[in-house]
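Biologist: I would like to learn how to read a helix in a model. Could you walk me through it?

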Amino acid sequence: MEVLSDLADDADSLNAEIDELFSSSDAEEYEVRVHALKGLCKMVGARELAALAEELERSAHKKDMDSIKNKHKRLITEYKNLAKEIRA
């Protein structure tokens with residue numbers, strides 16, 4: 001239960017970090033932050049979001065910003081929605 005509340009509590013700051021890294025095209029740090037999100041999602045059973053984070057992590061590793069651009073907004077939206085559901 002603590003992992004769930006941590007995931008929800010950290011959502012705004014982690015989303016902001018990931019969004020800022022996306023905006024600055026910092027693929028290396030983006031990969032690190034998305035990797036952390038992937039791990040959190042796996043711990044709480046959010047498989048679809050974890051899979052999306054994994055895709056973006058791989059894209060960041062390849063520095064494929066076009067691929068990231070196509071899925072970044074979905075990652076942010078789905079993470080916000082998950083956090084909202086946990087808080088409810």
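This is a predicted model: local features need pLDDT of at least 70, side-chain atom pairs count only at pLDDT 80 or more; totals for chains, interfaces and linings use all residues.

Biologist: What span should helix α2 have?

Modeller: Helix α2 covers residues 11–23, and at 1.5 Å a residue its 13 residues should span 18 Å. The end C-alpha atoms of α2 are 18 Å apart, which agrees.

Biologist: Which residues of α2 are buried?

Modeller: Start with the general idea: an α-helix has 3.6 residues a turn, so residues three or four places apart point the same way. In α2, the buried ones are A11, L14, N15, I18 and L21. Viewed down the helix axis, these buried residues fall within an arc of 130°, so they line one face of α2.

Biologist: What covers that face, and what lies on the other side of α2?

Modeller: The cover over the buried residues includes α1 (2–9), α3 (27–44) and α5 (65–87). D12, E20 and S23, on the other side, are exposed. After α2 comes S25, which has a positive phi, near 55°.

Biologist: Which residues is S59 in contact with, beyond its neighbours within four places in sequence?

Modeller: Those are D64, S67 and I68. With S67 there is also a polar contact: the two side chains are joined at 3.0 Å.

Methods. Residues are numbered from 1 along each chain as its sequence is written. Side-chain values use heavy atoms; hydrogens and water are left out. A polar contact is a pair of N or O atoms within 3.5 Å; within protein, one must be able to donate a hydrogen and the other to accept it, and residues adjacent in sequence count only if both atoms are side-chain atoms. Contact means heavy atoms within 4.5 Å. Helices (H or I, at least four residues) and strands (E, at least two) are DSSP runs, numbered from the N terminus. The expected span of a helix is 1.5 Å times one less than its number of residues. Buried means under 20% relative accessible area, exposed over 50%, partly exposed in between (1.4 Å probe, protein chains only). The arc is that of the directions from the helix axis to the C-beta atoms.
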